[in-house]
Structure formats: C-alpha cells, structure tokens
Amino acid sequence: MKYRHLGMAGIQVSELSFGAWVTFGSQIGEETAAALMRTAYDAGVNFFDNAEAYASGNAETVMGNVLKRIGWRREAYLISTKFYWGLNEGVNQKNTLNRKYLTHAIDGSLKRLQLDYVDLIFCHRPDPETPIEETVWAMHNIIEAGKAVYWGTSEWSAYEIVSALHIAEKHHLHKPISEQSHYNLFTRERIEKEYARLFREHRYGDVIWSPLASGLLSGKYNDGIPADSRAAQPGYEWLQKSGITPARVDKVKQLVPIANDLGCTLAQLAIAWCLKNQNVSSVILGASRVEQLQENLHALEVGPKLTPDVVERIEQIMGNKPQ
Ligand code: NDP
C-alpha cells in the first residue's frame, strides 16, 4: 500500500480506503463487516469512511462494534463520518449544516462509533440556507473540543469551498482540508475541470467515492441485474433507471479487451484509472463480499500498466474527457 497526503494536511491516507455505504447495517451483517475491515487493514488501508445517514445510523453502530471487537491501536487508523441529511424529522434537523444540528450530530456519531473522536468530518452536501461562516465556526469548535481532528466537504462547488477557506483564514479557524467527490470513468467534470484551480492553488485534498459507479464498472451488469447485486436491493431502483443505462453498459463492454490485454479485471482497471489522477488522495472502495475487496485491492498493481497509450484507448471509448 502507498499513502498520499490529504491535500496540504500532515496526515497521509492509504491510496485505497474502505467505506460503509449500502453495505454496513443493511446489506451485510457484522461478521462480514468485520472480515471486510480486517482484509482492508491487513492490506495497509488506514482510512475507513462512514456517515451519520448510512443505514440511518446503523452503519456507524456496526463499524463501532467491529472496531471495539478488533481493538486496533487508535493511532493507526482514521475514521470519517459525514453530516447533513440528519436522522430526525423536524425543522433544523434535516438537510442542514446549522450549528445546533452539527453540535448534536457529532455527539450521536461518537456514541454509535464508540470513539472519543473521529479523524474527519465531511459536510455531506452544501447547505444553501446556512451561512458558510456558521458552518466553518461550528466545525472549528468541534475540532477545538477534541471531537474531530480535521474537517472537509462533500460535493460542494469550488466557489463554496474557496469561500470556506477564506472565512477560515480570515478568522484563523481550522480550514477544511479535503473534498469527498464522486469520481469514476463516467463522472469526471468536477474533479478534472471545476476543481483544477482548487487543487493547484489551495492544495485541497480529495477522497473519491463510487469508483466503480456502484459496481457497474466491474462488468457485473453486462448481462442483466444479478439478484444479489446493489441494483437489486430495495430502495436502489434508481440505479437501474439512471445508472445502468444501455449506453453505459455498452461502454463497459468495450473496456473488456483493455482489461484482458493488461491481465486484470474490469474493476481493477477502473480503480487504477482513478488513482492515476494525482489530485485524488484516496479511492474509497465499497464491497459486499471479501472476495470483491481482495480483487479490488490488487488494482494497485495495475497502475504502472496504465501507459499513455492505454489511457488513450480508454479515452477513445469513454469519449468524455472534460475540455
Ligand atoms: P463502488 O462504486 O466501488 O461500488 C461498490 C459496490 O460494487 C460493492 O458494494 C459491490 O456491490 C460492487 N462491487 C465492488 N467490487 C466488485 C467486484 N470486484 N466485482 C463485482 N462487484 C463489485 O463504491 P461505492 O458506491 O460503494 O462507494 C464507496 C464508498 O464511498 C462508500 O462506501 C462511502 O463510504 C463513500 N460514498 C460517499 C458518498 C458521498 O456522498 N460522499 C456517496 C457514495 C459513497 P454489490 O455486491 O452489492 O453489487
């Protein structure tokens, strides 16, 4: 495993990390969750991603139980959580980054994770109704209270991130250090274009999510929807409708000969492609089975095979390089 600095922060994250969305607290049980986390950690993964909203808090509960059971040294790993959607109905408690919500949210997460602090809090989405200054101060105060070490953003516009950076600089507050962005062979515009200046001038970090477009780039949907796949899970009908379109599946099929030529799987090719981007600090993997994670961790060996010629072959198929 190799490690990359999280933007301009002193902390380093493993190039491949592991996240709990869809799986922890719903699709898989605690035993499988523990086996997945052990597999990741043994391969050198030092960063595990979660969110308050995943499985309505249950994903944090499962991860907390696993961490307690395994007993790794707390200094050796990083845990993130994310706030915005909220767990409770009612005004001020949902779809917000207001100071009161955030103050309660961190205490709830720490309780479920059974931790004294989290390493990273991501503001899961921008909140157009709360002044960015209020959120920056709330994050600063949570860090000063020792409940988190760093904070960042997820799916914020470059403008919103730079605003937060300027507010933090002006008042000498803890700055956000990293985005958590959607990035894969199908979704590129924001990281490769909108954030270019942010990476160059602010050395902002970025840990990226859904590197396989929810599994599509593993090729598992090339011949239909397997009954045990994410797209067949209750509540994920949107994935079949808008994610697994015939046009996208066609592109995935065209990538097969490239993976064959490199002697790797489609999933490994897609993950290695994400890591080729040096502005990516870490690729957050997802897996519902240990075998998937084992396969995906070997993506690290594919990176050196992505020569300019191979990358150009991929570009020709995808046809979506941001201009
Ligand atoms: P992926 O796009 O890599 O999808 C992972 C899923 O694809 C697995 O759960 C599994 O689903 C399937 N899969 C993975 N590997 C293979 C394989 N080798 N062969 C066949 N199927 C495979 O990542 P996720 O969408 O899970 O995102 C990763 C993490 O990113 C999340 O856990 C979360 O921590 C974070 N995230 C953050 C978001 C944000 O808004 N900040 C949003 C979404 C995710 P199955 O077996 O069920 O088909």
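## Overall fold

Among contacts in the chain (heavy atoms within 4.5 Å) between residues at least 6 apart in sequence, 78% join residues at least 24 apart. The model is a predicted one, in which local features need pLDDT of at least 70 and side-chain atom pairs count only at pLDDT 80 or more, while totals for chains, interfaces and linings use all residues. Residues are numbered from 1 along each chain as its sequence is written, and side-chain values use heavy atoms, with hydrogens and water left out.

The secondary structure comes to 12 helices and 10 strands, taken as DSSP runs numbered from the N terminus (helices H or I of at least four residues, strands E of at least two). The radius of gyration, taken over C-alpha atoms, is 19 Å, close to the 20 Å that the globule rule gives for 323 residues, so the chain is as compact as a globular protein of that length; the rule is 2.2 Å times the number of residues to the power 0.38. Of the 323 residues, 54% count as buried, where buried means under 20% relative accessible area, exposed over 50% and partly exposed in between, with a 1.4 Å probe and protein chains only.

## Strand 6 and its neighbours

All 6 of the 6 residues of strand 6 (residues 118-123) are buried, so this strand is largely enclosed by the rest of the structure. Strand 6 runs parallel to strand 5 (residues 78-83), to which 4 bridges join it, and parallel to strand 7 (residues 148-153), with 5 bridges; strands pair if DSSP finds at least two bridges between them. Lys 82 stands opposite Phe 122 in strand 6, and Val 118 stands opposite Ala 148 in strand 7.

Strand 5, helix 3 (residues 99-113) and strand 6 make a right-handed β-α-β unit, and the crossover from strand 6 through helix 4 (residues 132-144) to strand 7 is also right-handed. Right-handed here means that, with the strands pointing away from the viewer, the path from the first strand over the helix to the second runs clockwise.

## Salt bridges

The structure holds 18 salt bridges, each a side-chain nitrogen of Lys or Arg within 4 Å of a carboxyl oxygen of Asp or Glu. One of them joins Lys 82 to Asp 49, with the closest N and O atoms 2.5 Å apart. Lys 82 lies in strand 5 and Asp 49 in strand 4 (residues 47-49), so the pair ties together parts that are 33 residues apart in sequence. Lys 82 is buried at 1% relative accessibility, and Asp 49 is buried at 3%.
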